[in-house]
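The stops below go from strands to side chains.

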Amino acid sequence: MKKVLGKEDVYDIWPDFEPEYDEREYAWTTLRGLGESLLLNCGKCDGPSDMRHNKCKACVEKRKEMAKKTYERLMGHSIEKWDAIILCRIHTE
């Protein structure tokens, strides 16, 4: 968009936004071909769901640690790292 506007200094990668999500809305599953995957529901967040954006990266890091602690508590063993982290928006009616 910034190229179309001819304003390269408008923002780094994405426009700025205010995060709006429930940090406890996450789940993990084993996906064929990906392994242990962490699904993060971005909810109503208006962000880009892109780890290149500082706010998205900070959100993922925080929630990744929360999920790791919950995983260890429920599964009885630790997880070194998630094979895949998937940012998504789950919509319900």
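The tour covers the strands, then the aromatic rings, then the charged pairs.

This is a predicted model, in which local features need pLDDT of at least 70, side-chain atom pairs count only at pLDDT 80 or more, and totals for chains, interfaces and linings use all residues. Residues are numbered from 1 along each chain as its sequence is written, and side-chain values use heavy atoms, with hydrogens and water left out.

**Strands**

Select residues 35–41, strand β2. Helices (H or I, at least four residues) and strands (E, at least two) are DSSP runs, numbered from the N terminus. Five of the seven residues in β2 are buried, where buried means under 20% relative accessible area, exposed over 50% and partly exposed in between (1.4 Å probe, protein chains only).

L31 has G35 as its bridge partner in β2. Three residues lie between the strands of this hairpin, and G33 takes a positive phi near 90°.

Next, show residues 84–88, strand β3, which runs parallel to β2 and is joined to β2 by five bridges. Here S37 stands opposite A84. From β2 the chain passes through helix α2 (residues 54–75) to β3 in a right-handed β-α-β crossover; right-handed means that, with the strands pointing away from the viewer, the path from the first strand over the helix to the second runs clockwise.

**Aromatic rings**

The whole structure holds three aromatic pairs. Rings of Phe, Tyr and Trp (its six-membered ring) pair if their centres lie within 6.5 Å; planes under 30 degrees apart count as stacked, over 60 as edge-to-face and the rest as tilted. Select W28 and Y71: their ring centres are 5.2 Å apart with planes at 65°, so the pair is edge-to-face. W28 sits in β1 and Y71 in α2, 43 residues apart. W28 is partly exposed at 23%, whereas Y71 is buried at 5%.

**Charged pairs**

The count of salt bridges is five, each a side-chain nitrogen of Lys or Arg within 4 Å of a carboxyl oxygen of Asp or Glu. Among them is E18 with K55, closest N and O atoms 3.6 Å apart. Another joins E23 to K62 at 2.8 Å. Finish at D50 and R52, at 2.5 Å: D50 is buried at 12%, and R52 is exposed at 56%.

Terms used. Two strands pair if DSSP finds at least two bridges between them.
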